[in-house]
Amino acid sequence: MLQVSVYRYNPSKDDEPYMQDYQFDTEGKDLMVLDVLEQLKARDTSLAFRRSCREGVCGSDGLNINGKNGLACITPLSTTVKNNKLVVRPLPGLPVVRDLVVDMSLFYQQYEKVKPYLINNEPAPAIERLQSPEDRAKLDGLYECILCACCSTACPSFWWNPDRFIGPSGLLQAWRFLADSRDTAKAERLSDLDDPFSVFRCHGIQNCVNVCPKGLNPTRAIGHIRNMLLKSAT
Amino acid sequence: MVTAVTNLGRSGLSDWLVQRVTAVILLLYSVFIAWYLLANPDLDYMQWKALFAGTAMRIFSAAALLSTVAHAWIGLWSISTDYMTERMMGDKGNVIRWVVQLGGALLLFTYLVWGVQVLWS
Ligand code: SF4
Ligand code: SF4
Ligand code: FES
């Protein structure tokens, strides 16, 4: 029997959050953490969590699983369970709406700040804006982000200043557009980032890299932004 | 763009750069002093005083002193704006942060004046 412990909090009923323990029979199968949660929910319908695609594409089920952020749907029990224990908590640092569901507003506000869309005020060509294969390759490792928030909510700098530090996820996207040969707003983008909080609260702890379920590297992107700022300002 | 007025250089990039450069200066200075002490086991006061009387050494010491002040301010400012905030402590976070920043600024200013006095007397 797997010992499962799940963070529970229903603000309309509970004074305080608590951990609820369940016994779970995996029948010898190496299930995904999400499968376990789904089966627990079938038993106890009051359990709340987000999920949609169940295959690591939508980014809905970022959770803190045995102390490490990850997507429940693509985290096999065999990679996370030690001593027969599975502890599931909501992503750290964001307000809890209920059980494993967090309020992502702060996370999205930071995403919005980096203007995550292509800006190009030159007249649009008849068909499309072309890009060389080499320039296109610069976006690899950046565009794949699914905004699951596993990285930003693992980052101590984001915990302390979620309203002022953009966080690894937003900064990866900031770099995705700074690195795009078709974008013409580089100077504005850079000047929006050159304050002591937006980028520079990153202290290179690399928790973000450690948890990204897509294997992306926000720390490297942040380094590129810093170098670009340095080049344009010195 | 997040506004901040109490950080050292107004811009995040300049603080970051100053922090890096001052760290290098402080490292060089510490290594030099440590090396000098080890290389001169029976150092006496006259020799020590002569070392600090040279112009090059004065420039080096003044650079290290300014570096200490700038480096400490940037560090102290970052820590105070991480932990001593309204978000972390409620209203009293603001008061604590201002007191710590003011106290830190006074202390560093004192070190600066005092250090200059020691170096140039
Ligand atoms: S490397 Fe930077 S962004 Fe990533 S977790 Fe550390 S402080 Fe946060
Ligand atoms: S960088 Fe990775 S961990 Fe961060 S939001 Fe994107 S996919 Fe999730
Ligand atoms: S449910 Fe879509 S990423 Fe896990």
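Trainee: How many residues of domain 1 of chain A are in contact with domain 2 of chain A?
Mentor: Some conventions come before the answer. This is a predicted model, in which local features need pLDDT of at least 70, side-chain atom pairs count only at pLDDT 80 or more, and totals for chains, interfaces and linings use all residues. Residues are numbered from 1 along each chain as its sequence is written, chains are lettered from A and ligands numbered from 1 in the order in which they are written, and side-chain values use heavy atoms, with hydrogens and water left out. Contact means heavy atoms within 4.5 Å. By that rule, 14 residues of domain 1 of chain A touch 14 residues of domain 2 of chain A. The bounds, which come from an automatic or database domain assignment, are 2-102 for domain 1 and 105-232 for domain 2.

Trainee: What area is buried between domain 1 of chain A and domain 2 of chain A?
Mentor: Buried area is the accessible area (1.4 Å probe) that two parts lose on being put together, summed over both. Here the value is about 1000 Å², with 66% given by carbon and sulfur atoms. On the domain 1 side, A:Lys68, A:Asn69 and A:Leu94 supply 38% of the area buried against domain 2 of chain A, more than any other three residues.

Trainee: How many salt bridges are there between these two domains of chain A?
Mentor: Side chains of opposite charge can pair when their charged atoms come close. A salt bridge is a side-chain nitrogen of Lys or Arg within 4 Å of a carboxyl oxygen of Asp or Glu. Between domain 1 and domain 2 of chain A the count is zero. Over all chains, a search of the whole structure finds 14. One pair is A:Asp99 with A:Arg8, whose closest N and O atoms are 3.2 Å apart. A:Asp99 lies in the loop between strands S6 (96-98) and S7 (101-102) of chain A, and A:Arg8 in strand S1 (residues 2-8) of chain A, so this pair ties together parts 91 residues apart in sequence. Helices (H or I, at least four residues) and strands (E, at least two) are DSSP runs, numbered from the N terminus.

Trainee: How many residues do chain A and chain B each bring to their contact?
Mentor: Chain A brings 23 residues and chain B brings 18. About 1800 Å² is buried between the two chains, and carbon and sulfur atoms give 64% of that area. In chain A, the residues that lose the most area to chain B are A:Trp160, A:Pro196 and A:Arg201, together 32% of what that side buries. Two salt bridges are counted between chain A and chain B. A:Asp163 forms a salt bridge with B:Arg87, with the closest N and O atoms 3.8 Å apart.

Trainee: Which residues are around ligand 2?
Mentor: Among them are A:Cys145, A:Cys148, A:Cys151, A:Cys212 and A:Lys214.

Technical notes: Near = heavy atom within 4 Å.
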